[in-house]
Amino acid sequence: MSITTDADWWRSAVIYQVYPKSWADADGDGFGDIAGIRSRLAHLARLGVDAVWFSPWYTSPQADGGYDVADFRGIDPMFGDVADVEALVAEAHDLGIKVIVDIVPNHSSDQHVFFQEALASEPGSPAWQRYHCVRGSDDGASPPNDWRSAFGGSAWDPVLDASGQPSGWWYLHLFDSAQPDFNWDHPDVRADFEATLRFWFDRGIDGFRIDVATGLVKAPGYPTSGEGEGLHLTFGEILDFPQWDQPGVHEVWRQWRRVSNAYHPPRIFVGEVWVATDEALAAYIRPDELHTAFNFDYLKCRWDAGQMREVIDRSLHTSAMVGAPTTWVLENHDVPRVRTKYAVEAAGERMPQSNTAPVPGVAADDARGLARARAGLVFMLGLPGSAYLYQGQELGLEEVVDLPAATRQDPAFRRTRGAEGFRDGCRVPMPWTRRAPSFGFSPTGASWLPMPAHWGDLSVEAQTGDPESTLELTRRMLRLRRAEQALGDGDLHWISAPGDACLVLRRPADDEDPHVLVAMNLGDSPAFVGATEVLASSGAPPEPGDGGYWLAPDTAAWLR
Ligand code: GLC
């Protein structure tokens, strides 16, 4: 592998995201837990990932799937306790897997001790200064400004007085009203998060995924944003607004980097950075700030060769500006499953950019969706830098589009009365075995979201040993990626011309051997790739021709 030193592992890593509530349930309550994760760690080892990222498992009332944290140094009893995390980290490390955990510095739960202290005191008092508590306009009767919650509605809720009446003061929440935004100008907030970083680093955590890394600092004076009623800052539409991407946030990341650099080996950060421009993104991954950021431009690409090539080039350029590696991602716990996204596009419909909108239509072309999802995986794993897999992507799971409204937990679904907030569709628990009703997810058959009846056929058990399966494809590709010097961190050279429907690139960029050709055919007819050998393919093996191979539509391959 092209990892040069162990401290640089993150430049090439394949990182698997676990959404703990939905991965494996040991105690039978229908919610995943840490004991369940420990019992299934062998899956990650066999898959061959370098690291695992856990979505939040901290003490939380679960108003936003655990992204509403009441105690950043405590584990919610539904998942286990701190000792369970320590045991899990040790076991993962024994398997050669690094551990990254989520941290949510923009906001807390309304059950956090700081917010409870604020609620117990007068608006405007010191306890409130750890949050944004501001006098309303219209003599306190209206919110202080026009800022909107990313989950719908105003970003301000009234602070009530002792008798339960509006006090004329309002607190800020860029997400759910149960997620008040911290005031990062307050020294207590900064000190508390540093203590949290050290707490987990001292327990062997290798890094953090930073939630909403463009939030935290708000423009002084809370100026009007001009967002307007009805416009929501859905994921990926963060614009030039005074509550996002303020210059002051970079000082926070520089300080966090100093904390992480004091460890041996240094701990790492990956930021959730939704910004408007490449320059803005590059600023977050300067050498003294975050190590990497998610590449959401790539995640948002349609099945379109021109768009993908342009985004790949821009991504490489952006990270090269500051010497950071690129990252690649197709799925996470906030966006529709890529199989379904491509299936909808293959049927000629436009997929929404985020899970805030329902998946359109029923005419989706699922066979092509799956073929493209497999191709997308093979192609992504051949690109320079590190790559993310979301749990179930290795099984080719589809978005569950027909969850009954009563089962949906996404706070945006409630806040918009069902018009938005469909993120539960990608959070349905993992199928491990063929056995209904919850396919090995839980020993009792319980599951916090209903699982589609056919998911037994997509389970780890059903796919293991079937060379055609998406699971065995993923295992093969990760093995090969480790074996090929040319892959992981590095550069590329385009073999295909701009405008070609089949993307072909060489790793590394110069003529060195051994090299790998990474190809994906996004066109409607077979495409010829000059090569002497096929290393792997996402679908039907490419047909040999004169001096090369014919790659079928909706297929990706690695060749030489
Ligand atoms: C991030 C998380 C998302 C969460 C939001 C608020 O975008 O990925 O799941 O709802 O932050 O914390």
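Tutor: Start with two helices, α1 and α2, whose crossing is left-handed (the near helix is turned anticlockwise from the far one by less than a right angle; clockwise would be right-handed). Helices here are DSSP runs of H or I with at least four residues, strands are runs of E with at least two, and both are numbered from the N terminus. The model is predicted, with local features needing pLDDT of at least 70 and side-chain atom pairs pLDDT 80 or more, while totals for chains, interfaces and linings use all residues. Residues are numbered from 1 along each chain as its sequence is written, and side-chain values use heavy atoms, without hydrogens and water.

Helix α1 covers residues 34-47 and helix α2 residues 82-94. Their axes come within 10 Å and cross at roughly 15° (axes are lines fitted to C-alpha atoms over the stretch in contact, and angles run from 0 to 180 degrees between N-to-C directions). The two helices are therefore roughly parallel to each other (under 35 degrees; over 145 is roughly antiparallel, 65 to 115 roughly perpendicular, and the rest oblique). On the α1 side, the contact is made by Ile-34, Ile-37, Arg-38 and Leu-41 (contact means heavy atoms within 4.5 Å). On the α2 side, Asp-84, Val-85, Ala-87, Leu-88, Glu-91 and Ala-92 meet them. Sorted by class, this contact has seven nonpolar, no polar and three charged residues (Ala, Val, Leu, Ile, Met, Phe, Trp, Tyr, Cys and Pro are nonpolar, Asp, Glu, Lys and Arg charged, and the others, Gly among them, polar).

The axes of α9 (residues 338-346) and α10 (residues 366-381) come within 7 Å and cross at roughly 125°. That angle makes α9 oblique to α10. The crossing of α9 and α10 is right-handed. From α9, the residues in contact are Val-338, Arg-339, Tyr-342, Ala-343 and Ala-346. From α10 come Asp-366, Arg-368, Gly-369, Leu-370, Arg-372 and Ala-373. By class, the α9 and α10 contact divides into six nonpolar, one polar and four charged residues.

Now look at single residues. Glu-117 sits in helix α3 (residues 113-119). With a relative accessible area of 36%, Glu-117 is partly exposed (buried is under 20%, exposed over 50%, partly exposed in between, with a 1.4 Å probe and protein chains only). Leaving out residues up to four places away in sequence, Glu-117 touches Ala-127 and Arg-130. The side chains of Glu-117 and Arg-130 make a polar contact at 2.8 Å (a pair of N or O atoms within 3.5 Å; within protein, one must be able to donate a hydrogen and the other to accept it, and residues adjacent in sequence count only if both atoms are side-chain atoms). Pro-526 is 409 residues from Glu-117 in sequence and 65 Å from it in space, C-alpha to C-alpha.

Ser-108 lies in the loop between β5 (98-103) and α3. It has 0% relative accessibility and counts as buried. Again leaving out residues up to four places away in sequence, Ser-108 touches Val-69, Phe-72, Tyr-131, Ala-178, Gln-179, Pro-180 and Phe-182. With Tyr-131, Ser-108 also makes a polar contact, side chain to side chain, at 2.8 Å.

Gln-391 is another loop residue, placed between β13 (386-390) and α11 (411-415). It is buried, at 1% relative accessibility. Beyond four places in sequence, the residues that Gln-391 touches are Tyr-16, Gln-17, Val-18, Tyr-19, Ser-22, Trp-23, Arg-337 and Met-430.

Last comes the backbone. Most residues other than glycine have a negative phi, and most peptide bonds are trans. Gln-62, which is not a glycine, has a positive phi of about 65°. Its place is the loop between β3 (58-59) and β4 (71-75), and Gln-62 is buried at 16% relative accessible area. Leu-216 also has a positive phi, near 70°. Leu-216 is in the loop between β9 (207-210) and α5 (249-261) and, at 0% relative accessibility, counts as buried. For peptide bonds, a cis bond joins Arg-507 and Pro-508, with omega about -10°. The bond from Asp-513 to Pro-514 is cis, with omega near -5°. Pro-508 lies in the loop between β15 (502-507) and β16 (516-521), and Pro-514 is in the loop between β15 and β16.
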